[in-house]
Each structure stands twice: as C-alpha cells, then as structure tokens.
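This briefing is intended for a reader who has the sequence and the coordinates at hand. Please consult both while reading the points on fold, surface and aromatic contacts.

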Amino acid sequence: MSLIKCPECGHEVSSKAEMCPHCGVKIAGNVKRCPICQRTVLMEATQCPHCQTHFERPAEILLEPGAEPSDTATTIVTPTNAVTSNDSQPPTLAEESQEPYCTVPAGPSVPPKKGMPWYLLLFIIVIVALGAYLYWDNFQQRRYSEEKAFELLRECNDPLNFEDFIARYPNSNHLDEVRAKLNELRQEDVVWSAVAKSNNVAELNGFIQSHPHSPFVKIAYHKIDSLDWREAEKAGTTAAYDKYIAAHEAGEYITEAFEARNAAKEREERARRDSIAAARALADSIQGTPEAVGIDEIFGAE
C-alpha cells in the first residue's frame with residue numbers, strides 16, 4: 001500500500017482506499033497514472049489535466065484494486081494488431097506503418113508559461129507614474145512654500161518666526177543663515193533687556209544706532225520721548241519745553257509741550273514784570289524816583 005494524491009482534491013490518500021475521505025471520489029479501480037508526468041488521474045479522463053497529454057484509450061496506466069502504483073512502471077496500451085515485444089519476427093513494412101493508439105512524446109510536455117496580462121501591466125505602469133507625479137508635485141509645492149517663508153523672514157525680526165521656520169524645514173538650504181540670524185536676534189534681546197531697565201536716554205540712543213532694524217527700536221523711541229517729556233515737565237521752563245519740541249517734532253507729547261511752553265512763558269513774563277515792579281518800589285522807597293538809580297536801564301523800559 002502507498003499514498004497517492006487524489007486526482008479530484010489533491011489530498012494524500014491510500015491507493016487501496018475505496019474512496020477519498022476528503023472529497024468522496026472513488027479511488028480503488030478508478031484511477032490511473034499519466035505516462036508523461038506520472039500524476040494520478042481519474043480513469044475516465046481522456047487528457048491529463050497537468051501536462052495536457054491526450055489518452056487515446058480510457059486506460060493508459062491502471063491502478064488495479066490492491067495494486068500499488070510504481071514510478072517506473074509504464075504500460076502503454078497498443079492496438080490489437082500491434083506487434084508485441086516478445087515476438088521474435090521483425091515487423092513487416094505494413095505493420096511498421098501503423099501507429100499506436102497513443103503516441104508518447106520524446107520528452108515531458110511542459111505547459112507554456114503565461115506572461116502578465118497587458119492590462120495588469122498597464123495598470124501597474126499607471127500607478128507608478130501617478131505616484132511619481134504626486135511625489136514630484138508635493139516636492140515642488142514644499143520647495144515653493146519654503147522659499148516663500150524664507151523671503152518673509154528677510155523682513156521679519158521676530159525670533160519666533162525663525163524658530164518656526166527651522167521646525168518646519170529642518171533640511172532647508174537656508175538653515176545655516178536662518179540659525180545665524182536667530183542667534184543674532186537672541187543676543188539683541190539680551191542687550192535690549194539691559195538697556196530698557198536702565199532708563200538712560202544715552203544708552204537707548206546707542207541701542208537704536210547699533211540695531212536700527214530691531215523690533216525694539218519703536219519701543220526705544222517711545223521711552224526716550226517719555227523720559228525727555230518728564231525732564232521738561234520737571235524743569236517747567238520755556239527753555240526745557242523748547243528743547244523737547246526741537247528733539248521730538250512728532251513726539252507723543254508735542255501738543256502738551258506747546259501748551260506748557262506758552263504757559264511757562266506767561267509765568268516767566270509775569271515773574272519778570274513782578275520783579276521789575278518790586279525793584280522800582282524798592283528804589284522809590286530808598287531814593288524817591290527810579291531814575292536816580294537807573295532802574296529802567298537795569299530791567300529795560302517796558
């Protein structure tokens with residue numbers, strides 16, 4: 001007893017089994033072996049489903065009930081008038097011209113390999129081309145976005161924008177330049193922090209000259225304007241207000257400065273007149289007339 005493959009389901013089954021336990025097809029006395037590929041096929045098959053060999057008669061190689069198939073055993077059934085190998089007489093010309101019912105090829109018949117269907121190949125080519133185009137398009141859009149963002153950085157002095165560019169484009173060709181500018185801005189922040197706390201007009205003016213494009217320049221101008229206005233108000237003189245007006249023609253307190261200067265001028269003029277009147281009264285009390293001591297020459301005639 002040996003194991004063979006069921007010609008119906010392909011599972012291994014005993015050659016003596018009445019039927020296949022997997023698919024139920026009859027085995028004993030109902031199978032034969034192909035003389036070309038040695039595969040097991042059903043008895044009624046006229047063509048091997050594996051190598052496509054045609055069987056001229058229903059039984060080429062029989063597997064009788066109880067008999068085990070042999071890989072080397074080959075029995076080819078020939079017509080009744082064919083000459084057997086035991087006959088000692090050579091066949092006649094007429095006998096040689098007769099062909100057997102089943103002609104066995106010289107070598108094994110290998111089924112031709114089927115190539116890939118043209119439509120499947122075309123589908124693969126289209127998918128590859130589409131993927132390449134989408135990759136290229138995404139690369140171009142990212143490159144354009146990167147260049148646009150870099151151009152905007154040229155007019156920006158906010159460190160946060162530079163940090164965002166580095167995070168979004170870590171492989172940019174402009175990365176070294178962006179990092180250098182970011183370090184410069186960070187150092188500028190440190191300098192500004194020290195200057196802003198000092199409230200020194202000279203240091204604020206020095207910062208503006210050293211960093212004319214810094215975002216803190218406007219703040220520096222505002223602080224200088226406020227500090228100068230405080231000094232003018234503290235002095236409260238016409239000269240102090242004139243000094244503020246000359247330094248800050250478009251200052252935040254320019255309107256107040258003009259009003260305060262006019263008021264200071266009136267106060268100073270009134271104080272001058274009061275001083276002259278007091279001096280004349282003093283002179284009158286001493287000498288009787290102001291002309292005696294030259295009061296008009298000292299204060300000026302009104």
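The following points describe a predicted model, grouped by topic.

The chain contains nine helices and four strands. From the N terminus on, its elements follow the order β-β-β-β-α-α-α-α-α-α-α-α-α.

**Overall architecture**
- Of the 302 residues of the chain, 27% count as buried.
- Among contacts between residues at least 6 apart in sequence, 36% join residues at least 24 apart.
- The chain exposes about 21000 Å², of which carbon and sulfur atoms supply 55%.

**Nonpolar surface patch**
- A nonpolar patch on the surface has about 1200 Å² of accessible area in total, and its residues include Met116, Trp118, Leu121, Phe123 and Val128.
- Leu121 belongs to helix α2 (residues 118-153).
- Leu121 has a relative accessible area of 43% and is therefore partly exposed.

- The structure holds nine aromatic pairs.
- One of them is the tilted pair of Trp229 and Tyr241, with 6.0 Å centre to centre and 45 degrees between the planes.
- Because Trp229 lies in helix α6 (residues 217-235) and Tyr241 in helix α7 (residues 238-247), this pair ties together parts that are twelve residues apart in sequence.
- Trp229 also forms a stacked pair with Tyr253, with 5.5 Å centre to centre and 5 degrees between the planes.
- That pair links helix α6 to the loop between α7 and α8, with Trp229 and Tyr253 24 residues apart.
- Trp229 counts as buried at 8% relative accessibility, whereas Tyr253 counts as partly exposed at 22%.
- Trp229, Tyr241, Tyr244 and Tyr253 form one aromatic cluster.

Terms used. Residues are numbered from 1 along each chain as its sequence is written. This is a predicted model: local features need pLDDT of at least 70, side-chain atom pairs count only at pLDDT 80 or more; totals for chains, interfaces and linings use all residues. Side-chain values use heavy atoms; hydrogens and water are left out. Patches are made of residues with over 30% relative accessible area and no salt bridge: like charges are joined within 9 Å, nonpolar side chains (Val, Leu, Ile, Met, Phe, Trp, Tyr) within 5 Å. Accessible areas come from the Shrake-Rupley method with a 1.4 Å probe; for residues, only the protein chains shown count as cover. A salt bridge is a side-chain nitrogen of Lys or Arg within 4 Å of a carboxyl oxygen of Asp or Glu. Helices (H or I, at least four residues) and strands (E, at least two) are DSSP runs, numbered from the N terminus. Buried means under 20% relative accessible area, exposed over 50%, partly exposed in between (1.4 Å probe, protein chains only). Contact means heavy atoms within 4.5 Å. Rings of Phe, Tyr and Trp (its six-membered ring) pair if their centres lie within 6.5 Å; planes under 30 degrees apart count as stacked, over 60 as edge-to-face and the rest as tilted.
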